[in-house]
Amino acid sequence: YRIHRHNSAALLRCILPYHGTRLFVRVAALLRGGDERSGWLRAAGGERISAPPPRSLLVQRAAKESPLLDQLLSLGSAHAVAASFSAVTLLEMAGKASFSGGDAPLLRALLEYARLGLTADATTERRLGGMLLLVQLC
């Protein structure tokens, strides 16, 4: 069905919580590198990744690249594993950010994630993630 070509953003969103596995590397190799949402999957020299990336790389790249940050933010409303992964990754980002003038969009995105996590219709995982993020930001 060539989902990796026609809907690479959704495929990336599905496998992102499993970034530490070999399966992630195999599926990431299928994604087009020209797509702005999957461009971070390239190693420093431009070649495809060959080992599972550490979460610290995701945190570093998401702080710089808004498409990856958008992917992480959208995971909050997904299933429990994805929501937990999103919350942990965003907590790491909040802990490492200095929130100077250049980090204002990041702070705005993190606060919006926390606000949506505190709504009445949020899942338990999303609500816990929102509460943890607010505590981390304070």
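**Briefing: an all-helix chain and its core**

The accessible surface of the protein chain comes to about 7,700 Å², and 57% of that surface belongs to carbon and sulfur atoms (areas come from the Shrake-Rupley method with a 1.4 Å probe, and for residues only the protein chains shown count as cover). This is a predicted model, in which local features need pLDDT of at least 70 and side-chain atom pairs count only at pLDDT 80 or more, while totals for chains, interfaces and linings use all residues. Residues are numbered from 1 along each chain as its sequence is written, and side-chain values use heavy atoms, with hydrogens and water left out.

**Overall build**

- The protein chain has eight helices and zero strands, where helices (H or I, at least four residues) and strands (E, at least two) are DSSP runs numbered from the N terminus.
- Of the 138 residues in the protein chain, 38% count as buried, a word that stands for under 20% relative accessible area, whereas exposed stands for over 50% and partly exposed for values in between (1.4 Å probe, protein chains only).
- Among contacts in the protein chain with a separation of 6 or more, 53% join residues 24 or more positions apart, a contact being heavy atoms within 4.5 Å.

**The nonpolar core**

- The largest nonpolar core has 30 residues, of which L16, F24, L69, L72, L90, M93 and L133 touch the most other members (such a core is a set of buried Ala, Val, Leu, Ile, Met, Phe, Trp, Tyr and Cys residues joined through side-chain atoms within 4.5 Å).
- At least two residues of this core come from each of α2 (8–15), α3 (22–30), α4 (55–64), α5 (66–74), α6 (80–96) and α7 (104–117), and the largest share, seven residues, is supplied by α6.
- T89 also lies in helix α6, and T89 counts as buried because its relative accessibility is 0%.
- Leaving aside residues up to four places away in sequence, T89 touches R55, V59 and L72.

**A helix pair**

- α2 and α3 pack at an angle of about 170° with their axes 11 Å apart, where axes are lines fitted to C-alpha atoms, for helices over the stretch in contact, and angles run from 0 to 180 degrees between N-to-C directions.
- That angle makes α2 roughly antiparallel to α3, since angles over 145 degrees count as roughly antiparallel.
- L11, L12 and I15 of α2 make the contact with F24, V27 and A28 of α3.

**Cysteines**

- The structure holds zero disulfides, a disulfide being a pair of cysteine sulfur atoms within 2.5 Å.
- C14 counts as exposed because its relative accessibility is 52%, and C138 is exposed with a relative accessible area of 85%.

Key:
Parallel < 35°, antiparallel > 145°, perpendicular 65-115°, else oblique.
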